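Welcome! Take a moment to look over the fold below, and then we will walk through it together, strand by strand and helix by helix.

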Amino acid sequence: MAGGISEDDLTESHEINVTPFIDVMLVLLIIFMVAAPLATVDLNVDLPASSGAASPRPDEPVWLTLASDLSLTLGQDAVTPEGLAPALEAATGDDREVRIFLRADRAVSYGEVMGVMDLLRGAGFTRIALVGLEGAP
């Protein structure tokens, strides 16, 4: 065969060409890297009160109150953040399964409430109920 293609040149290649797949994945990665920071919005949120039905509470609940001046009160007794764990152990009889009802003043920042919740979790109390106004608009 003069100047033609022989049968040996037309053998099939069984290898997958992954270059287009890698190109598409890199483009998608760049798109997600650019779009992800735009998806998070930093807004001040005034959360509404709950209008759901109240769940039953125990006969003697353990109330932990965070006042607007960031003072903690367990029941009727003022406690310090350092003395919270021993006071909770005394109030619950060292039962870590007792639900702690946490109520915070509306003026207290979300970060402060989370700090108190971290203190509770650090003391081993993981059953925490947040208390809100019932039936408020």
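Two strands are said to pair if DSSP finds at least two bridges between them. Helices (H or I, at least four residues) and strands (E, at least two) are themselves DSSP runs, numbered from the N terminus. Before going further, please keep in mind that this is a predicted model, in which local features need pLDDT of at least 70 and side-chain atom pairs count only at pLDDT 80 or more, while totals for chains, interfaces and linings use all residues. Residues are numbered from 1 along each chain as its sequence is written, and side-chain values use heavy atoms, with hydrogens and water left out.

Let us start with the overall plan. The protein chain contains 3 helices and 5 strands, and along the sequence they follow the pattern α-β-β-β-α-β-α-β. Of its 137 residues, 18% count as buried; here buried means under 20% relative accessible area, exposed means over 50%, and partly exposed lies in between (1.4 Å probe, protein chains only). The chain exposes about 10900 Å², and carbon and sulfur atoms supply 58% of that area. Such areas come from the Shrake-Rupley method with a 1.4 Å probe, and for residues only the protein chains shown count as cover. A contact means heavy atoms within 4.5 Å. Among the contacts in the chain with a separation of 6 or more, 68% are between residues 24 or more positions apart.

Now find the sheet. It is an open sheet of 5 strands in the order E3-E2-E1-E4-E5, with mixed pairing. Strand E3 (77–79) and strand E5 (128–130) are the edge strands, each pairing on one side only. From one strand to the next, the twist averages 30 degrees. For angles like these, axes are lines fitted to C-alpha atoms, for helices over the stretch in contact, and the angles run from 0 to 180 degrees between N-to-C directions. Helix H2 packs on the sheet and touches E1, E2, E3 and E4, with its direction making about 20 degrees with that of E2.

E1 pairs with E4 in the parallel sense over 5 bridges, whereas E1 and E2 run antiparallel and are joined by 3 bridges. Thr65 lets you see both pairings: its bridge partner in E4 is Arg103, and its bridge partner in E2 is Thr73.

The structure holds 1 aromatic pair, and Trp63 and Phe101 form it: the pair is tilted, at 5.4 Å centre to centre and 45 degrees between the planes. By definition, rings of Phe, Tyr and Trp (its six-membered ring) pair if their centres lie within 6.5 Å; planes under 30 degrees apart count as stacked, over 60 as edge-to-face, and the rest as tilted. This pair links distant parts of the chain, since Trp63 and Phe101 are 38 residues apart.

Next, look at the nonpolar side chains. In soluble globular proteins, nonpolar side chains tend to be buried together. A nonpolar core is a set of buried Ala, Val, Leu, Ile, Met, Phe, Trp, Tyr and Cys residues joined through side-chain atoms within 4.5 Å. Here the largest one has 18 residues, and those with the most contacts inside it are Leu64, Leu72, Leu84, Leu88, Ile100, Leu102 and Leu120. Two or more residues each come from strand E1 (62–66), strand E2 (72–74), helix H2 (84–92), strand E4 (100–104) and helix H3 (110–122). H3 gives the largest share, 4 residues.

Not counting residues up to four places away in sequence, Leu84 touches Leu64, Leu72, Val79, Leu119 and Leu120. Leu102 lies in strand E4 and counts as buried because its relative accessible area is 3%. Leaving aside neighbours within four places, the contacts of Leu102 include Leu64, Val113, Met117 and Ile128.

Which residue in the hairpin of E1 and E2 takes a positive phi? With 5 residues between the strands, that hairpin has Leu70 at a positive phi near 70 degrees. Leu70 counts as partly exposed, at 42% relative accessibility. In the loop between H2 and E4 you will find Asp94, which has a positive phi of about 60 degrees although it is not a glycine. Asp94 is partly exposed too, with a relative accessible area of 48%.
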